[in-house]
Amino acid sequence: NVHTQTRHQPALDSYQNEDLLKLRCAWSEALESVQSRIGEQLHSLTEKEMLTESEEEERGKLLEEWIRLLRERDAVLLPKENSGVPGARDTRPVPQGMESRIPTLFADVNDQLRQNPKHRIVIGERSNVSGQDPNQMIKLTTYYPPQVKHDQHRVCAISAWDSSTHETESLNCLTEPEQRVYLTLQVGVDVSLPYGMELEVVLRKRVCVRVYKKKSLRDSMRGLCRIFLNDVG
């Protein structure tokens with residue numbers, strides 16, 4: 001997917017909040033369900049005229065759990081900065097080359113199993129980044145199989161592709177100084193752990209690129225000769 005704009009417009013990133021909203025909704029519903037059960041238990045205890053010592057202790061524990069659930073719900077909907085809760089604002093310094101906002105992917109595996117128990121589970125299939133048109137995505141044909149490299153912390157794949165397959169002017173000509181060209185890359189990663197089942201996680205990354213003309217061998221030799229002559233002179 002290709003998107004162009006001027007350098008004066010706000011820069012684009014890979015953020016999407018669709019899964020974050022789904023996660024917050026599911027999380028809130030789960031908390032409300034637990035609160036409802038606790039409320040029923042508290043109501044049955046308050047209806048009694050006299051409570052035993054064990055019942056008094058039980059009521060105190062239920063009230064503590066009720067308060068904890070209220071705080072947890074507040075933390076879900078309005079998370080504190082740098083708390084690590086999905087959607088929380090991160091004010092720590094951003095490493096070079098990294099984006100300041102981290103999108104959330106909600107792996108609602110149980111829901112997908114209920115809908116399609118025999119189908120392959122795909123996470124993030126519809127979690128499009130802002131401005132992405134899923135109908136404009138093009139399957140890339142690489143010149144050679146991707147070279148996959150990995151260690152304990154990361155996995156990368158390196159390959160080459162033909163940009164002319166997009167049939168877009170912004171990739172078939174030199175990028176103007178005032179222009180910004182964004183590509184949205186989408187890859188599927190097969191995951192088997194920790195769920196114990198085969199599923200696919202769809203990841204998206206938006207990158208800003210610039211098409212420029214490489215120096216020819218003649219231009220490079222001219223530059224070297226010019227430097228050499230200046231040193232001799």
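Predicted model: local features only at pLDDT ≥ 70, side-chain atom pairs only at ≥ 80, totals over all residues.

Tutor: Let's go from the overall layout to the sheet, the pocket and a few single residues.

Student: Okay, noted. How many helices and strands are there in the chain?

Tutor: You'll find four helices and six strands. Going along the sequence, the pattern reads β-α-α-α-β-β-β-β-β-α.

Student: And how much of the chain is buried?

Tutor: Of the 233 residues, 19% count as buried. As for contacts, take those between residues at least 6 apart in sequence: 60% of them join residues at least 24 apart.

Student: Let's do the strands. Which ones form the open sheet, and in what order?

Tutor: Four strands make it up, in the order β1-β5-β6-β2, with mixed pairing. At the edges sit β1 (2–6) and β2 (121–123), each of which pairs on one side only. On average, neighbouring strands of this sheet are turned by 25° against each other, ignoring direction.

Student: Remind me, what holds strands of a sheet together?

Tutor: Strands pair through backbone hydrogen bonds, either parallel or antiparallel.

Student: So which way do β1 and β5 run?

Tutor: Antiparallel, with five bridges joining β1 to β5, which covers residues 179–191. If you want to see pairs on screen, histidine 3 has tyrosine 182 in β5 as its bridge partner, and glutamine 5 has arginine 180.

Student: Nice. What do β3 and β4 form?

Tutor: A hairpin, with four residues between the two strands. β3 (residues 147–150) and β4 (residues 155–158) run antiparallel and are joined by four bridges.

Student: Changing topic: what is the volume of the largest pocket?

Tutor: About 1100 Å³. It is lined by 27 residues, and the closest to its centre are Ala157, Ile158, Leu185, Gln186 and Val187.

Student: Which strand gives the most to that lining?

Tutor: That's β5, with seven residues. β3, β4 and β5 each supply at least two residues of the lining.

Student: Now some single residues. Is aspartate 19 buried or exposed?

Tutor: Aspartate 19, in helix α1, counts as buried because its relative accessible area is 3%, below the 20% cut-off.

Student: What is it in contact with, apart from neighbours within four places in sequence?

Tutor: Aspartate 19 contacts Thr104, Leu105, Phe106 and Ser127. Also, aspartate 19 and arginine 126 are 107 residues apart in sequence, yet their C-alpha atoms are 9.2 Å apart in space.

Student: And glutamine 35, where is that found?

Tutor: Also in helix α1, which spans residues 18–46. Glutamine 35 is buried, with a relative accessible area of 8%. Setting aside residues up to four places away in sequence, glutamine 35 touches Trp66, Leu69, Leu70 and Arg73.

Student: Is leucine 63 buried or partly exposed?

Tutor: Partly exposed, because its relative accessible area is 43%, between the 20% and 50% limits. Leucine 63 lies in helix α2 (residues 53–77). From leucine 63 to isoleucine 38 is 25 residues in sequence and 8.4 Å in space, C-alpha to C-alpha.

Student: Last one: what is phi for asparagine 82?

Tutor: Near 60°, a positive value in a residue other than glycine. Most residues other than glycine have a negative phi.

Student: Where is asparagine 82 found?

Tutor: In the loop between α2 and α3 (109–115). Asparagine 82 counts as partly exposed, at 36% relative accessibility.

Terms used: Residues numbered from 1 in each chain as written. Heavy atoms only, no water. Pairing = 2+ DSSP bridges. Axes fitted to C-alpha atoms, helices over the stretch in contact; angles between N-to-C directions. Buried < 20%, exposed > 50% of the residue type's maximum accessible area, 1.4 Å probe, protein only. Contact = heavy atoms within 4.5 Å. 1 Å grid on protein atoms, 1.4 Å probe; cavity = no way out; pocket = protein on both sides within 12 Å on 5 of 7 lines; lining within 4 Å. Points joined across faces, edges and corners; volume = space filled by probe spheres on them.
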